[in-house]
Amino acid sequence: MTIPIKILLDTDPGGDDSFAFLWLQSLAKQGYAEIVAVTSADGNVQAHHTFAGSCKLLQLGGFGGVEVGRGVIGGSAQQAVADAGGIHGADGMGNLSHTLPAPAQDYETARASDDLLIEKLKAAPGEIVLVAIGPLTNLAAAERKSPGVLNLAKQIVIMGGAFFHQGNVISEAEFNIAYDAEAAKLVFGCCQNLIVMPVDVTHQLVFTPALAQQISAVQPDSPISQFVVALCNFMVGTALSFREMNGQHGFLVHDAATLAYLFYPETLLFRRMQVEIETQGEWTRGKTVFDRRSGIKTTANAWVALEVDAVNLLAMLVEDLKLLVAS
Ligand SMILES: [Ca+2]
């Protein structure tokens, strides 16, 4: 019998978050994952939008009973990066959130994401995989409030960073790290259990309208099919307008890479590194760096994915989303 992986999802939906969210719910329905909680994060759009988006995505996938935390705000005193509403839509979800079921939870009365993280990690030390696909503000706040708590996670799987490939928010840095570089510095400074999915691999995860059609063909009138097709079309439009895709007709499902690591690890190759976060640089704030010189090293905090079998990974995503639509 399969023992499901206990997952706490920290997320800032987000177009690519939405695809990761649905993938996770498919894996949970199939019995491979257990969703312990969702901690929404301030990021792609503001915290009240990512909270509502998280609740709605859980309702859509059939997991409306999972508790959602409200994102900690103001993690970075020097925040210089604007949110990504221009890419993901004002609501973070392609301006489609009004088409989804109403949230079953209330932002005003929800628990703070850092408190929820602390409670869940302390209740099951060494058991929970923390999947972090937004800025690391909530994780840093939890660690400040309860030092050592992040190392109670079995692993922390992060979408973030850019090592050999260019960044996306500036040439030298990726959004999730740069949006709250101080939080990232704190998390990378205190944890040894990190798995990192940087832009180096996620820039290859081009999700296309043709893939969305494969999913929706299972049952075109299902709310999930309609959402997947409409969100894909929106994201492709903004990706093209931001000149992100080198002319390819698709958009990047960055965040989905974290679930590929957990459930389809044969699609990825990793390197062991001590990753540091640049917080002082005038032109490089939020850059992820490591010592790439040959020579002895006595510390490492992360396994960093640097190669991906994108065709296979996207095929796994599509097949699991088809199962979710059919369920
Ligand atoms: Ca995200």
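Residues are numbered from 1 along each chain as its sequence is written. Because the model is predicted, local features need pLDDT of at least 70 and side-chain atom pairs count only at pLDDT 80 or more, while totals for chains, interfaces and linings use all residues. Helices (H or I, at least four residues) and strands (E, at least two) are DSSP runs, numbered from the N terminus.

## Helix pairs

Two packed helices are described by the angle between their axes and the distance between the axes. Axes are lines fitted to C-alpha atoms, for helices over the stretch in contact, and angles run from 0 to 180 degrees between N-to-C directions.

Helix α5 (residues 137–145) and helix α7 (residues 181–190) have axes that come within 8 Å and cross at roughly 60°. That angle makes α5 oblique to α7, given that angles under 35 degrees count as roughly parallel, over 145 as roughly antiparallel, 65 to 115 as roughly perpendicular and the rest as oblique. The crossing of α5 past α7 is left-handed, a term used if the near helix is turned anticlockwise from the far one by less than a right angle, with right-handed used if clockwise. On the α5 side, Thr 137, Leu 139, Ala 140 and Glu 143 meet Ala 183, Leu 186, Val 187 and Cys 190 of α7; two residues are in contact if their C-beta atoms, placed from the backbone, lie within 7 Å. By class, this contact of α5 with α7 has 6 nonpolar, 1 polar and 1 charged residues, where Ala, Val, Leu, Ile, Met, Phe, Trp, Tyr, Cys and Pro count as nonpolar, Asp, Glu, Lys and Arg as charged, and the others, Gly among them, as polar.

For α9 and α10, the axes come within 9 Å and cross at roughly 175°, an angle that makes α9 roughly antiparallel to α10. Here Pro 209, Ala 212, Ile 215 and Ser 216 in α9 meet Ser 225, Val 228, Val 229, Cys 232, Asn 233 and Val 236 in α10. The classes in the contact of α9 with α10 are 7 nonpolar, 3 polar and no charged residues.

## The buried face of α9

Within helix α9 (residues 209–216), the residues Leu 211, Ala 212, Ile 215 and Ser 216 are buried; a residue is buried if 20 or more other C-beta atoms lie within 10 Å of its own, exposed if 12 or fewer, and partly exposed in between, with C-beta atoms placed from the backbone. Seen down the axis of α9, its buried residues fall within an arc of 135°, so they line one face of the helix. The elements that cover the buried residues of α9 include β7 (206–207), α10 (223–241) and α12 (310–326).

## Residues outside the helices

Asp 83 is placed in the loop between β3 (68–69) and α3 (85–88), and it counts as buried because 21 C-beta neighbours lie inside 10 Å. Leaving aside its neighbours within four places in sequence, Asp 83 is in contact with Gly 43, Asn 44, Val 45 and Gln 46.

Glu 278, in the loop between β10 (276–277) and β11 (288–289), is partly exposed, with 19 other C-beta atoms within 10 Å. Apart from neighbours within four places in sequence, Glu 278 is in contact with Thr 284, Arg 285, Gly 286, Lys 287 and Val 289.

Thr 2 belongs to the segment before β1 and is exposed, with 8 other C-beta atoms within 10 Å. Its contacts, leaving aside neighbours within four places in sequence, are with Gly 31 and Tyr 32. Gln 192, in the loop between α7 and β6 (194–197), counts as partly exposed with 13 C-beta neighbours inside 10 Å.

The table sets out C-alpha separations for these residues.

| Residue pair | Separation in sequence | C-alpha to C-alpha distance |
|---|---|---|
| Asp 83 and Val 129 | 46 residues | 27 Å |
| Thr 2 and Ala 90 | 88 residues | 40 Å |
| Gln 192 and Met 273 | 81 residues | 10 Å |
| Glu 278 and Lys 322 | 44 residues | 41 Å |

## Backbone geometry in two loops

The peptide bond that joins Pro 13 and Gly 14 is cis, with omega about -15°, and Gly 14 lies in the loop between β1 (5–11) and α1 (15–29). Asn 95 has a positive phi of about 55° although it is not a glycine. Asn 95 is found in the loop between α3 and α4 (113–123), where it is partly exposed, with 15 other C-beta atoms within 10 Å.

Terms used
Arc of directions from axis to C-beta.
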